Amino acid sequence: TESSVSAAVKSGDSKAAGHADNPLVEVSHVDKYFGDLHVLKDINLKVTKGEVLVIIGPSGSGKSTLCRTINRLEAIDSGVIRIDGEPLPQEGKDLTRLRAEVGMVFQSFNLFAHKSILDNVTLAPRKVRRISKDQADKEAMELLARVGVDSQAKKLPAQLSGGQQQRVAIARSLAMHPKVMLFDEPTSALDPEMINEVLDVMVDLAKEGMTMIVVTHEMGFARQAANRVVFMADGEILEEGTPEEFFEHTKTERAKDFLGKIL
Ligand code: ADP
Ligand code: MG
């Protein structure tokens, strides 16, 4: 994985653009419970425009829940989440619009099985952004070309490989023109030979300046594409730093232990 991920991402110039006091995503004092289970414990996180934040940590530490709260698929119990300065409402009609600002790609590709690849990409933009079929088709074909699957546009998801389906899922998210993209273990369900084709698309997105939050166990991607790495365990952020700081100067025993197991 490591070799395929270009080091040019981090040395790129677009990355210093954001300001810490003007974050695109701000998670502030967020707590989340599932019944008695305290899943997110006073989480504080800022992601600036153009930044790639990688979240790692053991299974069950709350990484997916954190992503789902940022996309408001899960309500929070206290604290506030702001997207581009706007607090995420916990309910109401603004929710659909705000959710469209946050793209999300899951481990399971979640494509509509009975719709063509093209329809999978155009469905939401036509409904939510209310653009014409022609415009939606044109944009979708451009996005499918960008992720390298435009020749598959007329097929059904099951006719594509897992790697191709996940690239379609990325194109589908991009079709909503999100301000930030969340990736929750996007390569975990893929056969090994397909992991790189998805990571390469993500690296390209990062190079183009997309703001990204990525939960992954792909440490090659984290080392080379991340501006910042966050380590979570038991619902808490235990460490946060540049990839160099985190991988070369790991502070907590918990993180050292985790890295020892996966590397
Ligand atoms: P991770 O993505 O880091 O593996 P998750 O966010 O999926 O962690 O889960 C964090 C904790 O919350 C786990 O203990 C999990 O079992 C629990 N959990 C996740 N979703 C639910 C839910 N819908 N209801 C109850 N418990 C949940
Ligand atoms: Mg998870």
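This is a predicted model: local features need pLDDT of at least 70, side-chain atom pairs count only at pLDDT 80 or more; totals for chains, interfaces and linings use all residues.
Visitor: Which residues surround ligand 1, and how do they divide into nonpolar, polar and charged?

Guide: The shell includes Phe-34, Leu-37, Val-39 and Pro-58. Ser-59, Gly-60, Ser-61, Gly-62, Lys-63, Ser-64 and Thr-65 also belong to the shell.

Visitor: Which helix supplies the largest share of the shell around ligand 1?

Guide: Strand 2, spanning 37-47, and helix 2, spanning 63-70, each contribute at least two residues to the shell. The largest share amounts to three residues, and the element that provides it is helix 2.

Visitor: At what distances do backbone N or O atoms of Gly-60 and Gly-62 lie from an oxygen atom of ligand 1?

Guide: In both glycines the backbone provides the N or O atom facing a ligand oxygen. For Gly-62 the distance is 3.0 Å. For Gly-60 it is 2.7 Å.

Visitor: How much of the accessible area of ligand 1 does the protein cover?

Guide: On its own, ligand 1 has 560 Å² of accessible area.

Visitor: Are helix 6 and helix 7 roughly parallel or roughly antiparallel?

Guide: The axes of helix 6 (residues 162-174) and helix 7 (residues 192-207) come within 8 Å and cross at roughly 20°. Angles under 35 degrees fall in the parallel class. Helix 6 passes helix 7 in a right-handed crossing, and the angle makes the two helices roughly parallel.

Visitor: What is the relative orientation of helix 4 and helix 6?

Guide: Helix 4 covers residues 117-129, and its axis comes within 8 Å of that of helix 6, at a crossing angle of roughly 25°. The crossing is right-handed. The two helices are therefore roughly parallel.

Visitor: What is the relative orientation of helix 5 and helix 6?

Guide: The axis of helix 5 (residues 133-146) and that of helix 6 come within 9 Å and cross at roughly 140°. Helix 5 passes helix 6 in a right-handed crossing. Only angles over 145 degrees count as roughly antiparallel, so this pair is oblique.

Key:
Residues are numbered from 1 along each chain as its sequence is written. Chains are lettered from A and ligands numbered from 1 in the order in which they are written. Side-chain values use heavy atoms; hydrogens and water are left out. A residue is near a molecule or strand if one of its heavy atoms lies within 4 Å of it. A polar contact is a pair of N or O atoms within 3.5 Å; within protein, one must be able to donate a hydrogen and the other to accept it, and residues adjacent in sequence count only if both atoms are side-chain atoms. Accessible areas come from the Shrake-Rupley method with a 1.4 Å probe; for residues, only the protein chains shown count as cover. Helices (H or I, at least four residues) and strands (E, at least two) are DSSP runs, numbered from the N terminus. Axes are lines fitted to C-alpha atoms, for helices over the stretch in contact, and angles run from 0 to 180 degrees between N-to-C directions. Angles under 35 degrees count as roughly parallel, over 145 as roughly antiparallel, 65 to 115 as roughly perpendicular and the rest as oblique. A crossing is left-handed if the near helix is turned anticlockwise from the far one by less than a right angle, and right-handed if clockwise.
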